[in-house]
Amino acid sequence: MEILYPMAISAFAVLATLIYASYLDIRDRRVPFIHWLPMLGIGVVCTSYLLWQTTSDISLITGYLAVVVCFLYADYLDSRGRTDSMGLTGYYRQSLIFYYLALVLILPALSWFIFAPSLNIQLIPWYVMFAGILTYISYNEYKGQPVERARKKSKKPDSNIPDIINRWYFVLVIMIFSITSVIMLFSPDGWGSPALVILLLSVFCGVFYIFARMHLFGGADAWALIFISFSVPTFPFTPFLGSPPLGFLSFSVLINALLLNLVAPIGIFIINIIRKNRAPLMYMFFGFPVKGDRIQQAWGFVMEDFEEKNGIVSRKFIGFWDSIKRMYEGEGRVYTKDLREHPEEFPSELAMYRKAGTVWISYAVPFIIPITAGLITALIFGDILFTIMKIITGGF
């Protein structure tokens, strides 16, 4: 069995980090960003070394680094609260923006133009667009006009082109990386088939970063999948059940995690049946009732809306699309952790829950735990869904 030792070293670092991150997420329901950085540092070095071993293409390696650095810079711009808490405040923090921006702009320029065997004119307009978008966003941040704060303050939807660009600029960035990867894939002087690594990283990581920005996916869960992708883009060795066609480890980790995570809703449904808890069928799989006066001791999001008229408390379950809308807007969802840590902000809600007697909340098993299990099963056995499909089609 052939072993890619750089990927094996990186996989060990990723697994150790995920186990510790799972512990933190269970205990505190958050994973400080700094805990991901050692794993990422090891992973980037190992992946770069593997790319050099297999291609000896400095242009490809620089392109890989450009993607990684761009994601970190986007998070730097989008997560001001975290960077401020690390001490980068005021003028000092603002002055760093353009130093970071310079690095983000230099790396793709080196990859696409300087280290490339020849000048590819098709890449020039995409680089100009890339540089223009990030410079515009960085200037807004430097001037103290981050869109997220302004949008939340005004509570108005995006209404013009600058607002849309500020909010959705990273979608354009991901598209640029994806398009340039395709160009380098088919260009005679491009990267050839190794360009698929950059393409897969851009699309897969971009989707989960954007989902996290839209509050449709947990931040720690998104970063776990993103950093697994950057650190171990391919299997370090062939698993027992064989490698899937793409050989992209993170996709197999995600699929395995989703399949393993199906156990929780089934278990919750069975428990609700045994305890004779009654709710619409969908909610029986994803939630359970807790006592209203003890809701602050539980973990999860409140699944019901309450209203009191003439001393009578009425209740209704939050619909699926309404729930998605609240997740996207980052408003209207009540998290029991917030009730516990900031009860002064929810006096009317807490009083209503006590009057209601019981409150249905969603189960709150951190998804990072199935991700960790998905990584272990992917490394040992491979892609579970791919294996099932091979068995069904008779190809196993």
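Tutor: Buried means under 20% relative accessible area, exposed means over 50%, and partly exposed lies in between (1.4 Å probe, protein chains only). A salt bridge is a side-chain nitrogen of Lys or Arg within 4 Å of a carboxyl oxygen of Asp or Glu. Helices (H or I, at least four residues) and strands (E, at least two) are DSSP runs, numbered from the N terminus. The model is predicted, so local features need pLDDT of at least 70 and side-chain atom pairs count only at pLDDT 80 or more, while totals for chains, interfaces and linings use all residues. Residues are numbered from 1 along each chain as its sequence is written, and side-chain values use heavy atoms, with hydrogens and water left out.

Side chains of opposite charge can pair when their charged atoms come close. The structure holds five salt bridges; three of them are described here.

One of them joins Asp78 and Arg213, with the closest N and O atoms 3.3 Å apart. Arg213, at 16%, counts as buried because of its relative accessibility.

Another salt bridge is formed by Glu304 and Arg315, whose closest N and O atoms are 2.8 Å apart. It connects two strands: Glu304 is in strand 2 (residues 304-309) and Arg315 is in strand 3 (residues 312-317), eleven residues apart. Glu304 has a relative accessible area of 5%, so this residue is buried. Arg315 reaches 34% relative accessibility and so counts as partly exposed.

Strand 2 also takes part in the pair of Lys355 and Glu308, whose side chains meet in a salt bridge at 3.1 Å, N to O. Here Lys355 lies in helix 16 (residues 347-356) and Glu308 in strand 2, 47 residues apart. Lys355 is exposed because its relative accessible area is 52%. Glu308, at 33% relative accessibility, counts as partly exposed.
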